[in-house]
Amino acid sequence: MSAATRMLVAMARREPGSMELLLDILPDAFPWVRFLPEPDLHGFAVELVDTMRAADAVGNSASVAQLLIAWQHTAEVYSDPDLLAALTRDHGEDYGPVPDPRDVE
């Protein structure tokens with residue numbers, strides 16, 4: 001994985017048009033990216049490359065897995081119009097302070 005990560009990072013940073021190529025192939029690797037709006041797809045690609053590079057530097061890919069899970073959940077929200085509306089609408093009120101989770105038994 002280390003060699004593949006280094007090649008992907010080098011390609012994404014050096015080759016003209018490589019970001020467009022990465023954006024073109026992401027749906028093959030992660031079909032759920034089709035639900036992401038264009039700016040989020042680009043943000044995912046940049047964050048994926050940066051996180052893969054950092055994870056490779058410390059020899060632990062857990063952060064890459066967490067990144068993929070978080071972005072997949074984002075895509076799931078965009079794929080459901082009712083859920084997207086519920087999460088993005090202005091609720092018009094303040095529900096008060098959030099209790100500290102450490103105080104909950």
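Ser18 is buried, with a relative accessible area of 4% (buried means under 20% relative accessible area, exposed over 50%, partly exposed in between, with a 1.4 Å probe and protein chains only). Please keep in mind that this is a predicted model, where local features need pLDDT of at least 70, side-chain atom pairs count only at pLDDT 80 or more, and totals for chains, interfaces and linings use all residues. Residues are numbered from 1 along each chain as its sequence is written, and side-chain values use heavy atoms, leaving out hydrogens and water.

- Ser18 belongs to helix 2 (helices are DSSP runs of H or I with at least four residues, strands are E runs of at least two, numbered from the N terminus).
- Leaving aside residues up to four places away in sequence, Ser18 touches Met11, Ala12 and Arg13 (contact means heavy atoms within 4.5 Å).
- Helix 2 has 12 residues (18-29) and should span 16 Å at 1.5 Å a residue, which agrees with its end C-alpha atoms being 16 Å apart; the expected span is 1.5 Å times one less than the number of residues.

**Aromatic rings**

- The count comes to four aromatic pairs (rings of Phe, Tyr and Trp, its six-membered ring, pair if their centres lie within 6.5 Å; planes under 30 degrees apart count as stacked, over 60 as edge-to-face and the rest as tilted).
- Phe30 and Trp32 make a tilted pair, at 5.7 Å centre to centre with 50° between the planes.
- Trp32 is buried, its relative accessible area being 14%.
- One aromatic cluster is formed by Phe30, Trp32, Phe44 and Trp71.
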